[in-house]
Amino acid sequence: MNAIDILALANVIVAVRRLINMTPVCPFVKAAPPDDVSSKRSVETQNKNSVEQENKNRSESADSSSIQAKCPFGYDASSFKLGPFSCVICQALLFESSRCVPCSHVYCKACISRFKECPICGVDIKKIEPDNDLQKVVDRFIEGHARVKRSHVSTDGKVPGEDKHVKYEDVSLERGAFLVQQAMRAFRAQNIGSAKSRLSLCAEDLREQLERSGDKPDLCSQLGAVLGMLGDCCRAIGEASSAIILFEESVEFLSKLPTEDMEIAHTLSVSLNKIGDLKYYAGDLQASRSYYLRSLNVRRDAVKKHPDVPSLVLDVVVSLAKVADVDSGLHNEDAAISGFQEAINMSESLTISLDEASLEQRRLSVLEFLRGQVAERQAAPST
């Protein structure tokens, strides 16, 4: 296993641990990076805002009736329970709805194709039939979801017979957040077709908004993140060329934004690294090094602006290792050893607080790998 494979495996392990310990990060929700100390404060802030909102609602109820909208199928902003249009396997909305024979339970085609027995009732599956009528209903639901607002019951906004104003709210999440949430569920369950479908709809919506309003920073950020997710989908099913196109487009939109924002800098650098990885596995080491170096420069700039965030420093360490590994592949061993040694020095000087155990574990794992790389090259006979 080469250095790029080991680093990729380490990043996958870290990503899985983060998924276990945190809720998914949606590009439509402004959130601090998982390793940032401010992430701890976010829960406290949310609780405080929740209390303030509750108090506000109570004060408003004295002179008005608040009717909070509720999606009749359970897909609303306050809860994400499974509804009648959900696949119980991937827990996302049905995609290519398929009905089991003889029990008639319905799942996504990709999900149920892995089973010989129905996951709900346990009966042997004789065959799987497409349920096109149900899928049309699901598609119509997705098309209208988060776009519909309840109309007022009367032209003056009052309930007949009562002298109280009624407040009407959106039925659910913003459409983009709703689609991404469904896509993330499907992706984690390896239903890549479903994830791609939802993300493609989201990207289409964002492109339409950009055409109408110009390159607004929030829209560029969201589209850049969604395109990166689509690239992940293509990479997961072996469509390397399509993945590269999507990652490059993600980089294009994210590059329009100021990298003072740590989240933007991180997402941009990750997209660049993913292109570098794909070029590396395709054997194009020069192109791979170019993308790795661009990612390294983005991360160095981020550290200059936020020197007290250890996760950013560790990102620089990983990027140094990627560039050094490619230098070794290009037979430039002096540059490789120099790069690995710089990464070692930076990692050894990094101080991580006791309450960030996962980050410290990652640092020690990367440091052990880096020392092994230097020792291996120093022990190799010179040619």
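1. A residue counts as buried when its relative accessible area is under 20%, as exposed when that area is over 50%, and as partly exposed in between. The model discussed here is predicted. Tyrosine 280 has a relative accessibility of 15%, so this residue counts as buried.

2. The overall make-up comes next. The protein has 383 residues, and 42% of them count as buried. Its secondary structure consists of 13 helices and five strands. The accessible surface comes to about 20400 Å², and carbon and sulfur atoms hold 53% of that area. Among contacts with a separation of 6 or more, 61% are between residues 24 or more positions apart.

3. Searching the whole structure gives three aromatic pairs. For tyrosine 280 and tyrosine 281, the ring centres are 5.7 Å apart and the planes stand at 90 degrees, so this pair is edge-to-face. The cut-off behind that label is an angle of over 60 degrees between the planes. Phe85, Phe141 and Phe178 form one aromatic cluster.

4. Which residues does leucine 268 touch, leaving aside those up to four places away in sequence? They are Val251, Leu254, Ser255, Thr259 and Val298. Leucine 268 lies in helix 9, which covers residues 262-281. With 5% relative accessibility, leucine 268 counts as buried. Glycine 228 is 40 residues from leucine 268 in sequence, while their C-alpha atoms are 9.2 Å apart in space.

5. Helix 13 spans residues 357-379 and includes glutamine 373. Is glutamine 373 buried or exposed? Its relative accessibility is 9%, so glutamine 373 counts as buried. The side chain of glutamine 373 makes a polar contact of 2.6 Å with the side chain of arginine 377.

6. Three strands make up an open sheet with the order 3-2-4 and antiparallel pairing. Strand 3 (106-108) and strand 4 (127-130) are the edge strands, as each pairs on one side only. From one strand to the next, the twist averages 40 degrees. In general, strands of a sheet pair through backbone hydrogen bonds, either parallel or antiparallel. Strand 2 (residues 97-101) and strand 3 run antiparallel and are joined by three bridges. Opposite serine 98 stands tyrosine 107, in strand 3.

7. Some backbone geometry deserves a look. Most residues other than glycine have a negative phi, and most peptide bonds are trans. Where is there a cis peptide bond? One joins valine 101 and proline 102, with omega about 20 degrees. Proline 102 is in the loop between strand 2 and strand 3.

8. Two residues with positive phi can be checked in the model. Glutamate 96 is not a glycine, yet its phi is positive, at about 55 degrees. Glutamate 96 sits in the loop between strand 1 (64-66) and strand 2. Its relative accessible area is 41%, so glutamate 96 is partly exposed. Histidine 331, also not a glycine, has a positive phi of about 65 degrees. The loop that holds histidine 331 runs between helix 11 (310-329) and helix 12 (333-348). Histidine 331 counts as exposed because its relative accessibility is 72%.

Definitions and conventions:
Residues are numbered from 1 along each chain as its sequence is written. This is a predicted model: local features need pLDDT of at least 70, side-chain atom pairs count only at pLDDT 80 or more; totals for chains, interfaces and linings use all residues. Side-chain values use heavy atoms; hydrogens and water are left out. Rings of Phe, Tyr and Trp (its six-membered ring) pair if their centres lie within 6.5 Å; planes under 30 degrees apart count as stacked, over 60 as edge-to-face and the rest as tilted. Buried means under 20% relative accessible area, exposed over 50%, partly exposed in between (1.4 Å probe, protein chains only). Helices (H or I, at least four residues) and strands (E, at least two) are DSSP runs, numbered from the N terminus. Contact means heavy atoms within 4.5 Å. Accessible areas come from the Shrake-Rupley method with a 1.4 Å probe; for residues, only the protein chains shown count as cover. A polar contact is a pair of N or O atoms within 3.5 Å; within protein, one must be able to donate a hydrogen and the other to accept it, and residues adjacent in sequence count only if both atoms are side-chain atoms. Two strands pair if DSSP finds at least two bridges between them. Axes are lines fitted to C-alpha atoms, for helices over the stretch in contact, and angles run from 0 to 180 degrees between N-to-C directions.
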